[in-house]
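Trainee: I have a new structure to look at, and I would like to learn how to read it. Could you walk me through it?

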There are 2 protein chains.
Amino acid sequence: MSTPDPRLSINQGTLKYADLATALRATAEAGVQAIGLWREPVQEVGLATAARMLTDSGLRFSTHCRSGFFTMPEGPARRASIEDNRVAIEEAATLAAAGAAGSTAVLVIVAGGLPQGSRDLIGARERVRDAIGELAPDAAAAGVTLSIEPLHPMYASDRCVVSTLGQALDIAADFDPAVVGVTVDTFHIWWDPDVLASIERAGREGRIATYQVCDWKTPLPADVLLGRHYPGDGVIDFGPMTRAVMASGYDRDIEVELFNEDIWATAPLEAVRRTAAGFEVAVSPYLTE
Amino acid sequence: MSTPDPRLSINQGTLKYADLATALRATAEAGVQAIGLWREPVQEVGLATAARMLTDSGLRFSTHCRSGFFTMPEGPARRASIEDNRVAIEEAATLAAAGAAGSTAVLVIVAGGLPQGSRDLIGARERVRDAIGELAPDAAAAGVTLSIEPLHPMYASDRCVVSTLGQALDIAADFDPAVVGVTVDTFHIWWDPDVLASIERAGREGRIATYQVCDWKTPLPADVLLGRHYPGDGVIDFGPMTRAVMASGYDRDIEVELFNEDIWATAPLEAVRRTAAGFEVAVSPYLTE
């Protein structure tokens, strides 16, 4: 068993059925140095306890997942979402401070889909920009970067109306890059004819808050959310995108987040080890060129 | 039962289990004036017979579906594909000549996915351009427009490496617009933040060979090919895209092509009538503004 790449970070979504203690232990035991956490397992133990557990693990903290979901029109549901996003910002700041040196205070933002019964995609996208604008001062005060994640267009209606990296950058452009950045996740954008130009633009504009690698293959599972695969198991060539991210000067951890029933059914330590093995073959060669 | 919109064309894919005679009869009996045909049911009766049947139906012919699938590297499989595309061009020309006045000689081109075992998306896309270049003289000689169809990015790996309208237009740009155009299908491109600008560009460049309307909704079915819905049954706002197509001066028939097990299980005449009813509510208002 070789030592995992020092830049690999395990996103807790890869270990969906593990509680926080298990996820931290499996990640550290495998020799991985960093982790991205999810809000629900953090809230399950409470933020202060989660922060102590993270400190004790010795792991770096790479991102907090996830917030956003603010495409609805003004009203109580939108107010509740904005308030919940403020809580998420505080969580991200606290956890980043609790992680080992090199931790980053990044909150991944998934915009949300079309509101129930709505066909107004353009309006939903405008409300994403409005929400980011409302949250940006809180993020700045907390030292947290809101990292807008474009999701694959197959999720545009029910999960995320931000579908391309270029679109995420257009939204981010109104804000300070330290406060609003973008999530570059290969699974969501590998198909985009403009992907390399968009990554170069993201780097030039100082917007790459987190780089995440995940493979794609077909047929898609019945639940298309769960078709994420270990790097190397699918059809994505990680070379060009990874080189473009590295050429931007990106020096943070690189997460692997896998929603996949088979992987979730794997023992956490084994899932982390397989992730590290895939990463080493499919991604690491492009980090050290 | 109101009279169907005179610009509606039923794509035979909507009536997958109907043979050519049944498809022609159901379309005409419902009062629809045009049809788009598929190669397999045409070949089942033979091209000459199909052409006679089409003439006898009194219907206009709007497109021939479908050809392409030429992303593989040079070799016997690629040669076979190119030859088969030449056959498809002749079929399209023959059927367009056999249809009623106003028929259009349009061959829909689906590029094909990544070749088995390949991760070279950029190379596959280059081979699409090469194949179009090889076929363009044949299409020009036959008076047929090769209509490149961008397919939704969820099909990028296994079906079509052309994923956006802008990308299709970039490929088409090397060729005469009478010979190489694009298929504008709402289902595939509705999510694209650049969709309206791309439709305007397509119009300006004279490339809209066929406009097709089809709705999107989630959850997607287990086979994501089959999630196409009657206009109005999903979340697409047909107004902006239809207005943009009409503003370009598009004056051809508008097809509805629905891959959907429930619709395929519907009696053909009833499926045509439901298609016409959906079209009238969701699309027709934007044709006559």
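Mentor: Gladly; we will go through the sheets, the helices, the pairing of the chains and the core. Keep in mind that this is a predicted model.

Trainee: Let's begin with the strands. In what order do the strands of chain A close into a barrel?

Mentor: Strands of a sheet pair through backbone hydrogen bonds, either parallel or antiparallel. Here, chain A has eight strands that form a closed barrel, ordered β1-β2-β3-β4-β5-β6-β7-β10, with parallel pairing. On average, neighbouring strands of this sheet are turned by 30° against each other, direction ignored.

Trainee: How many bridges join β5 to β6 in chain A?

Mentor: Three bridges link β5 (residues 145-148) and β6 (residues 180-185) of chain A. One residue to look for is A:L146, whose bridge partner in β6(A) is A:V180. Helix α9 (residues 238-247) of chain A packs on the sheet and touches β6, β7 and β10 of chain A. The direction of α9 makes about 155° with that of β7(A).

Trainee: And in chain B, which strand pairs with β1 over three bridges?

Mentor: That is β10 (residues 254-256) of chain B, paired with β1 (residues 8-11) in the parallel sense. Within this pair, B:I10 stands opposite B:V256. Helix α4(B) packs on the sheet too, touching β2, β3, β4 and β5 of chain B, and its direction makes about 180° with that of β3(B).

Trainee: What span does helix α4 of chain B reach?

Mentor: Its 23 residues, 76-98, reach 33 Å from the first C-alpha to the last, close to the 33 Å expected at 1.5 Å a residue. Among the buried residues of α4(B) are B:I82, B:I89 and B:L95, and also B:R78 and B:E91.

Trainee: How are the two chains related, and which C-alpha of chain A is nearest the axis?

Mentor: Two copies of a chain are related by a rotation about an axis and a shift along it. In this model, a rotation of 180° with 0.0 Å of shift superposes chain A on chain B, with an RMSD of 0.0 Å. The copies are therefore related as by a two-fold rotation axis. The C-alpha of A:A222 is the nearest to the axis in chain A, at 2.1 Å. The copies meet through the same surface, because 100% of the interface residues of chain A are also interface residues in chain B.

Trainee: Which residues have the most contacts inside the largest nonpolar core?

Mentor: In soluble globular proteins, nonpolar side chains tend to be buried together. The largest nonpolar core here has 190 residues, and A:M154, A:W190, B:M154 and B:W190 have the most contacts inside it. Leaving aside neighbours within four places in sequence, the contacts of A:M154 include A:F187 and A:W216 as well as B:M154 and B:L220.

Key
Residues numbered from 1 in each chain as written. Chains lettered and ligands numbered in written order. Predicted model: local features only at pLDDT ≥ 70, side-chain atom pairs only at ≥ 80, totals over all residues. Heavy atoms only, no water. Pairing = 2+ DSSP bridges. Helix = DSSP H or I, 4+ residues; strand = E, 2+ residues; numbered from the N terminus. Axes fitted to C-alpha atoms, helices over the stretch in contact; angles between N-to-C directions. Contact = heavy atoms within 4.5 Å. Least-squares fit on C-alpha atoms with pLDDT ≥ 70 in both. Expected span 1.5 Å × (residues − 1). Buried < 20%, exposed > 50% of the residue type's maximum accessible area, 1.4 Å probe, protein only. Core = buried A, V, L, I, M, F, W, Y, C linked by side-chain atoms within 4.5 Å.
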